[in-house]
Amino acid sequence: MKRPVLVAALVALVVLSAFSVLLATRHPVQGASAVPSPLLGHEAPAINGTLLAQSTTPATSVAVTPGANVLTGLRGKTVVVNFWSSWCGPCKAEAPELSTFAWDERQQPVVVLGVLFNDNVSAATSFANHYGSLYNSIVDAGGVDANRYGVTSPPTTYVISPRGQVAAELVGPTSVAQLRAVVQRVSQ
Amino acid sequence: MAVWIGRLGVYLCFLSAVAGVIDLGVARRRRTAGHARLFSWLILLGIVVAVIDMQVALVTHNFSLAYVAENNATFTPLLYCITGMWSALEGSLLLWVLLLSGLVVGVVHYYRRQGDDAVVQWAELVLFVVVGFFTLIMAGPADPFLHNPAHVLQGAGPNALLQDNPLVATHPPLLYLGFVGFSVPFAFAVAMLITGRVQETWPLEQRRWTVLAWGALSLGIVLGAWWSYQVLGWGGFWGWDPVENAALLPWLTATAYIHSVIVQDRRGLFRVWNLSLAIATFALTVLGTFFTRSGVLQSVHSFSSSTLGPLLIGFFALVVLVGVGLLAWRGDRLRSVVGVETPFSREGMFVANNILFVGFAIVVLLGTVFPLLYQAINGGQVTVGTPYFAAVAAPLSVALLVLMAIAPLASWRRASAAVLWERLRFSAWSGLVVIVALMVSGVHHLTALAAIFFATVAAGSALRTLRGVVRAARRRGGWEAAIGAPSTAGMVVHLGIVILAVGIVISTSYAQRHEVTLATHQTTVVDGQSIRFAGFAHTSDALRSQTLLKVYVDGHLLTPAVTTYNGRSGQTVGTPAIDSNLLRDVYLTFDAVGGGDTTSGAQVQNNLPAGSVVLGVTTEPLLAWLWLGGVIVGVGSALTMVRRRHGEETA
Amino acid sequence: MKIVRSFAAWLIALVLVAGMALATQGVGSSAQARVHHLESLVRCPSCQDLSVAQSNATASVALRHEIVRAVQRGESDTKILTSIESVYGPAILLSPATSGLGVLLWLVPAVGVVVFIGALWRLRRKSRL
């Protein structure tokens, strides 16, 4: 009766080896990863809200009419929409990068627009002033905009093409280099 | 300085483990006794030095250690300084190796008179290898004693959720004690297979200690659930999170093991099952450390992601390969002369028990790694959450309750239906009465009714067995004999499990969640309770600042709060307030505050007037039964120490 | 004989109680029950393992409102879940679709049941482990 034992052992070994290889080849989740969002290639959902008051002047101003879609006035430009909160750790690392990028691209048809995610106004204003944010942010009351975009947690960045379509979704803290690469690809 | 004393301790521990392995290898060749005792003490000395060094660094806020700078601050209270050692990955390994080393010293001491026995030597060798592996990780990629080059005057402090509740002092140590405890059956299983001496009774002699390790693991898991419940703010205690599953998987096979060993003890059967289960439990423990520490699966409970993944999976693969290989090699020696004659017997039910527990573990493992499998094959992301796990866990749990109801009363070899029914009759009728009473009071959930029916019968079987045991023993030897009788500890544990099961079933099926908005001094009624919001309170000290809400639930004061911890990260977390009694728990959270109040740190809802708050009110019936059941399980496992040793039993 | 009679009496009582239990099963398709069911299947977007029923995070509350509106509009369960999935991606559902690889999640337990019954059946012929 030794054969069944050998067969069982071999099967077990194969299954468990495959299992180990599967797990050994998974990579830890870290950094800003480009996510295959279901919105890619589709018209960018509307963004409504009020402007967050902050003490610094943005590199490029965005006109915000309460109740109207902010993105309609930005057609023809590449828009980097960044969902952030004051309580999110990676957002603190990302904020200076976004400001640097906004300043670098101020002469280009590129706009950085922040959207507040699940946060209160005064904490957000303190955050924006502390980091000297050089871009405008929208207060998303009730998480309606986040819901439209399918944001699961901050920081999440969407890059919208000049034709108004969602061209990329980055989950996690981005950097100037990454933004530059993505925006260059999108603007072509 | 602190860096080098700690590192020295870890290196001493590692080198002693390696030396111990070599020494035992040589001793095996020469058929001598070896020096396992010496090396086990050296291992313990090394890790104790490292642990003391870390503890001193934490308590004195020595920020020249990167670990202390990340997990401690000058205002961290003493308790959380001490528990800071296991608040993050590197330090948690210190705790693990400390407990493991202590256990190894104990095992070597226990078997000191058999130091030249091949099985003992191989088992000690395996234990030294395990110690060596975990210390290797600490000597390399997960160094707790990394020097902090920056001269910081203040540390980040522990994660807010890890300094919110004293249970952080009990859950990890007990859990690790359980995990570490099962490396002994594993080591002896491997030793028995290598030497071919698989007919011997090593696992049976170790039964008391194995049950104690199981008890620690069970208590650790229950305390972990209680801790999450008190701190995470959603009113639940189990999320089928990968890290939670990581602790559940070895528990499932360990439970199968401690039951299966009973059959080996009584009738010499199930040798293959027992060796396999011992190996599986240890393998699943290593897999669990992989899930918790590799960062490959996202979890609220996991430590920071790291490069440990491949190393831990490598060790898992090694354990599994060695285990399966040895079982296949010695397979022919493992068959017993007699067998199980019919499924309708105590042995047959233990077979069913083994299959159910292993099946449960396989299904939970599948659900946990499925997202990774999906990503590898299809490239997309999926989530496997509570709906799946609950759907598969429910029938499995009911089946296990059925076994708990019948098996203690079934005869060995061949159960007679008539005798079985005679013993079950009273409990069976009681079960029907209980569920009729429940239906009358509004419980209609079918799974809940089925579960409680079988739970009642199981309680009846446990009580009946206890009554018989107590009567017989008191006639012979008084209370101590009664407590020390073979089934007592087990039946007490079964009673604990029944209470726990009823608590889980009722609280999850009939929990009610509400959001109420209250202005100051306003009262409302929720689930038959009056809730009155009496105003705000603020406290602040060096450690944290809190905004509390004074809420009166049926006259009892509860203070749900939002707490901001000082420290470099400045985290704000919600602090729930719970009013608990045996009938129901009321769980309050401070969800939002109205108007422009921005000082509390809570979510602000501008459409509400200032001074009003949004409270989360969750009512969960019988939730406290979980903790009560857990305590009884712990007590029952401890009772096993009163048992007479294997071999001294006359039954 | 007495044993058989007493068992039969209990069995009849069990059947009666079971019948009572089955009869009191509410008709599960009321709007509130549907909403509750759907909420337990959708993951809270900003949490790790919680459903939108269990979490009061802003994103979660927003999704709950969306589900309520969709149920009131008369949409079917499948349509609601599909439309949420089309915005957030498949990872928003707490239980993967049973098509494709997801079949494995249900196949394995089913096979397990067969193995269980089979193993116990085999015990009736002498087993040797």
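Chain A has a radius of gyration of 21 Å, but a compact globule of 188 residues would have one near 16 Å. That radius is taken over C-alpha atoms, and the globule rule is 2.2 Å times the number of residues to the power 0.38. This is a predicted model: local features need pLDDT of at least 70, side-chain atom pairs count only at pLDDT 80 or more, and totals for chains, interfaces and linings use all residues. Residues are numbered from 1 along each chain as its sequence is written, while chains are lettered from A and ligands numbered from 1 in the order in which they are written.

**Chain A**
- The C-alpha trace of chain A spans about 80 × 35 × 30 Å along its principal axes.
- Chain A has 5 helices and 7 strands. Helices (H or I, at least four residues) and strands (E, at least two) are DSSP runs, numbered from the N terminus.
- Of the 188 residues in chain A, 48% are buried. Buried means that 20 or more other C-beta atoms, placed from the backbone, lie within 10 Å of the residue's own.

**Chain A with chain C**
- Here 12 residues of chain A are in contact with 12 residues of chain C. Contact means C-beta atoms, placed from the backbone, within 7 Å.

**Chain B**
- Chain B holds 19 helices and 11 strands.
- The radius of gyration of chain B is 27 Å, close to the 26 Å that the globule rule gives for 651 residues, so chain B is as compact as a globular protein of that length.
- Its C-alpha atoms fill a box of roughly 80 × 70 × 60 Å, taken along the principal axes.
- Buried residues are 54% of the 651 in chain B.

Definitions and conventions. Buried ≥ 20, exposed ≤ 12 C-beta atoms within 10 Å, placed from the backbone. Contact = placed C-beta atoms within 7 Å.
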